[in-house]
Amino acid sequence: MHRPEIMHPTHPASHPHNASPHGQTPPLRLIAWEITRSCNLACQHCRAEAHEEPYPGELSTAEAKALIDTFPETGNPVIIFTGGEPLMRKDIFELVPYARAKGLRCVMGTNGTRIDADMAARIKESGIQRCSISIDGPDAPSHDDFRGVPGAFEASLAGIEELKKAGVEFQINTTVTKHNMPFFKKVFHLAEDIGAAAWHIFLLVPTGRGDAIRNEIINAQEYEEVLNWFYDFRKTTSMHLKATCAPHYYRIMRQRAREEGIKVNMDNFGLDAMTRGCLGGTGFCFISHTGQVQPCGFLELDCGQIKTTRFPDIWTSSPQFLALRDQSSYEGKCGVCEYHKVCGGCRARAHTMKGHYLKEEPLCTYIPRAVDNQAPTDKQEEKG
Ligand code: HEM
Ligand SMILES: C[C@H]1O[C@@H](n2cnc3c(N)ncnc32)[C@H](O)[C@@H]1O
Ligand code: SF4
């Protein structure tokens, strides 16, 4: 399928020639913007702890448009309109065309349950280039239980059918947990069967409501297993597969390619060869429903507030973003790992499970060469 517009954002370090408007500041590739936190579902893992009622402090239409005006100053980012449930925001079909008119590429992250024929037509007309729909199990019982509302599975699939009829490309987003790991392959096949352009997996981050289901996080060994399956699935499908919140995938991809004698380059791996596991603060950022800028939606660090500081200035100068762009500020094995530039570890998990966003990724089995040379006690700790 020809998909000229929705580029897979690449890691700025791979593009030293990419001139930035702010000297050393890398261009923004992707912004996830939580335009509302209200939502009609009640998912067990929701980072936003979203509920149906309106949230105070959401940006007004005028504030939202003024924010959009500043996006082109940061590069040419893809804007992900997310939530909460973005379709619950009343002015969504005013904001998307406004952003399109500025030349911005726009996509939407939705649970899909509210998309009927009329909504699908409006989405198409607004200029949204792709929708992600979250599917967390291969059938109604597994999905609905996790998403907190009976009928959610059928409603999401019906929404997808309407998008297809309206000619809107879609991708499936799936959050991997202990509960659905046994059905991983089935969800992959479901995504293929219904014609998804891509399958993006999210690995549970214990934040928001996700904190209460920490025991559902797969362990480091299971991560290796899932990401190795993911690598193998790649060879069998034309869907684009992307591991989000599982930055170790980009290490595993290189380890497997080396074993198989395949070079990691654009010819063999497309843009996966150019991107990085965690782009938070280097090519990606998140803007909350109230205008707080964060490295990602799962890491609630206050990197600046767009109501008081211009968004491009936050992207250029936030101390947290500057730290995330500097390998020497990373602690533990992530700081010395030879895969640092292609992985980076999940900063949100480091924050919620190890106490600080610059600590090492807690769920990685890999022992970097620099650590392997140290005393056995260190190695034990790394393995634990
Ligand atoms: C093209 C359509 C796409 C859609 C609709 C989409 C949708 C989403 C959504 C809904 C989120 C979650 C934001 C949140 O609510 O916290 C997200 C996060 C993210 N996506 Fe995508 N995405 C798309 C493409 C891509 C591509 C091509 C990449 C390639 C690198 C990508 C990388 C990411 C990253 C890094 C995050 C952040 C996850 C985090 O916060 O750690 N996305 N995406
Ligand atoms: C954008 C994607 O993020 C997922 N999502 C929401 N909350 C969490 C969390 N705590 N951990 C991982 N993924 C999450 C949604 O289910 C959606 O599919
Ligand atoms: S994960 Fe998405 S669909 Fe589920 S409650 Fe949160 S915002 Fe709503």
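This is a predicted model: local features need pLDDT of at least 70, side-chain atom pairs count only at pLDDT 80 or more; totals for chains, interfaces and linings use all residues.

**Helix 8 and other local features**

Mentor: Just after helix 8, the residue G261 adopts a positive phi of about 70 degrees. Helix 8 itself spans residues 249–259, and nine of its 11 residues are buried, so the rest of the structure largely encloses the helix. The buried set consists of Y249, Y250, R251, I252, M253, R254, Q255, R256 and A257. As for the partners of these buried residues, they pack against helix 7 (220–234), strand 7 (240–244) and helix 9 (266–269).

The approach to the helix also deserves attention. In the loop between strand 7 and helix 8 sits C245. Its phi is near 60 degrees, a positive value in a residue other than glycine. C245 counts as buried because its relative accessible area is 10%, and the cut-off for that class is under 20%.

Y249 and Y250 belong to one aromatic cluster, together with F184, F188, W199, W229, F230 and F233. In the model as a whole, the count of aromatic pairs comes to 17. One of these is formed by F71 and F311: the ring centres are 5.5 Å apart and the planes stand at 80 degrees, so the pair is edge-to-face. This pair joins distant parts of the chain, with F71 in the loop between helix 1 (61–70) and strand 2 (75–82) and F311 in helix 10 (residues 311–317), 240 residues apart. Both F71 and F311 are buried. Another pair, W199 with F230, has ring centres 5.6 Å apart and planes at 55 degrees, so it is classed as tilted. It too links distant parts of the chain, since W199 is in strand 6 (residues 198–203) and F230 in helix 7, 31 residues apart. W199 counts as buried because its relative accessibility is 0%, and F230 is likewise buried, with a relative accessible area of 0%. W199 and F230 are members of the cluster that includes Y249 and Y250, and helix 7, where F230 lies, is one of the elements against which the buried residues of helix 8 pack.

Rolling a probe the size of a water molecule over the atoms shows where empty space is left. The count comes to one cavity of 30 Å³ or more, and the largest cavity has a volume of about 120 Å³. It is lined by 14 residues, of which K333, C334, C337, C343 and C364 lie nearest its centre. By class, the lining comprises seven nonpolar, four polar and three charged residues.

The backbone nitrogen of K333 is 2.7 Å from a polar atom of the side chain of E360. E360 is placed in the loop between helix 13 (347–354) and helix 14 (369–372), and it counts as buried because its relative accessibility is 11%. D372, in helix 14, is 39 residues from K333 in sequence and 9.9 Å from it in space, C-alpha to C-alpha. At 38% relative accessibility, D372 is partly exposed.

G83 and G84 are joined by a cis peptide bond with omega of about 20 degrees, and G84 lies in the loop between strand 2 and helix 2. D91 is placed in that loop as well; its relative accessibility of 9% is why it counts as buried. The side chain of D91 makes a polar contact of 2.6 Å with the side chain of R89. Within helix 2 lies F93, which is buried at 18% relative accessibility. Leaving aside residues up to four places away in sequence, F93 touches L87, M119, R122, I123 and S126.

Key. Residues are numbered from 1 along each chain as its sequence is written. Chains are lettered from A and ligands numbered from 1 in the order in which they are written. Side-chain values use heavy atoms; hydrogens and water are left out. Helices (H or I, at least four residues) and strands (E, at least two) are DSSP runs, numbered from the N terminus. Buried means under 20% relative accessible area, exposed over 50%, partly exposed in between (1.4 Å probe, protein chains only). A polar contact is a pair of N or O atoms within 3.5 Å; within protein, one must be able to donate a hydrogen and the other to accept it, and residues adjacent in sequence count only if both atoms are side-chain atoms. Contact means heavy atoms within 4.5 Å. On a 1 Å grid over the protein atoms alone, a cavity is a set of points where a 1.4 Å probe fits but cannot get out, and a pocket is an open set with protein on both sides within 12 Å along at least five of seven lines; lining residues have an atom within 4 Å of a point. Grid points are joined across faces, edges and corners, and a volume is the space filled by probe spheres set on the points. Ala, Val, Leu, Ile, Met, Phe, Trp, Tyr, Cys and Pro count as nonpolar, Asp, Glu, Lys and Arg as charged, and the others, Gly among them, as polar. Rings of Phe, Tyr and Trp (its six-membered ring) pair if their centres lie within 6.5 Å; planes under 30 degrees apart count as stacked, over 60 as edge-to-face and the rest as tilted.
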